[in-house]
Structures are given as structure tokens and as C-alpha cells.
Amino acid sequence: MKLYIQCLNVECMKIVKWILIPLLILIALFFAMGLVNSSIEYGHTITVNKNVKEAWAVTEDESKLDQWLAGFVSEDLLSGEQNRVGSQYKVVVKPSPKEVAFEMIETLVARDEFSLLEMHFESDFGTFDQTMKFTAKGNQTEIATESIVSGGNILTNSMVGWMELLGGSFQKQEEENINKLKKVIEENTTDYFPGEGEGNLD
């Protein structure tokens, strides 16, 4: 009986060893990502067949945000003046029907009309910074984004790092959003500058 128990214990130890060691290695690798990569940088560039003033106006049109920003629900001014540097907004996002909506606080960091938008977002998950640059190319406009996402701690940093490494999640989402923006701009029929006619460039 004692011999049987000893054999059983040996077998149990072998099983524990082959399960526990790989598990510990996986956990270590997971958190190592958070130490190595505290942030992820990505971006996307498009060229739209509209002049820079119209492209800019469509991008800033709140009524069109849900047409190109995945999961966008609402944006409400919390402080400051609308579209003024320093103004803050509560942004609500629901990534998918099965996921719970979450809030972000957006701060408008920089705004150079028809040229540059720089925004900072904070949430329980971490921070997100995005710069959008608009460059006139005759009657076309180049729009380039530069984005950085960071987790709030080693756990979320690790999640961010592995999401991007394994599936390129953030880059893919950026490309999807900005490609949708291109479609919304090029299909726009709203006259944001009445009286100026087409090609609203000064």
C-alpha cells in the first residue's frame, strides 16, 4: 500500500511538473511583454479626392463620427469651448454588441485648422494619443495618423503588447477607421462652406 502511494505521489509530481512549469513560463512571458513594451505606436495614411477644407470639416463633424470610428456611441463636452485647445469631452465607446460600453476622457491637445489635430484619451485601461495631419495635394488631401496606446499598468501593458504582436489589433483597427473616413469624406454631400463653391481653398 505504501509503495502504491509512493508511486502515485511520484506520478502526481510528474504531472504537476509538466503542467506547472509551462504555465509559469507562459505567465512570465506574458508579463515580460509589459516590461519590454510600455506602449505601441502605429498609424495609417490615406489620400482623399476632396480638398483639405472639406476633408477637415467632415472629420470634425460629430454627426458623422459613428460612420467611421468603430464602436463610437457619443461625445459630450465636459469643459472648455468646443474645438478649442484644452477642451475636454466624455467619449463613450462600445466595441461590439457583446461587449460593455466604456468611457474615455478626451483632451484636445493641439488644433491647427485645416492642418493638425492632436488628442489625448484616458480610460481605466490606459492612455491613447493620436495626431492627425492634413496636407493639401491640389484638390486632394493626404490624411496621416500617428497613434500611441499605453496600458495603465504592467497587466494592461502586457495585454496591449500581445494584442498587437499576435494579431496587429491596433494597426488593423486604425486602418479600418481611417479607410472608412476616406469613404465618408469622398461621399460627403454636406456644404460646410456655403457661398465658397467647390474647392473651398483660400
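Colleague: Which side chain meets Lys 133 in a salt bridge?

Modeller: This is a predicted model, in which local features need pLDDT of at least 70 and side-chain atom pairs count only at pLDDT 80 or more, while totals for chains, interfaces and linings use all residues. Residues are numbered from 1 along each chain as its sequence is written, and side-chain values use heavy atoms, with hydrogens and water left out. A salt bridge here is a side-chain nitrogen of Lys or Arg within 4 Å of a carboxyl oxygen of Asp or Glu. At 3.6 Å from N to O, the partner of Lys 133 is Glu 146.

Colleague: How many residues apart in sequence are the parts that this pair ties together?

Modeller: Strands are DSSP runs of E with at least two residues, numbered from the N terminus. Lys 133 belongs to strand β6 (residues 126-137) and Glu 146 to strand β7 (residues 140-151), so the separation is 13 residues.

Colleague: What is the relative accessible area of Lys 133?

Modeller: Buried means under 20% relative accessible area, exposed over 50%, and partly exposed in between, with a 1.4 Å probe and protein chains only. Glu 146 counts as partly exposed at 47%, and Lys 133 is also partly exposed, its value being 37%.

Colleague: Are Lys 50 and Glu 54 buried or exposed?

Modeller: These two residues form a salt bridge, with their closest N and O atoms 3.3 Å apart. As for accessibility, Lys 50 and Glu 54 are both buried.

Colleague: How many salt bridges does the structure hold?

Modeller: Another of them joins Lys 90 and Glu 103, at 3.9 Å from N to O. For the structure, the total is nine.

Conventions. Helix = DSSP H or I, 4+ residues; strand = E, 2+ residues; numbered from the N terminus.
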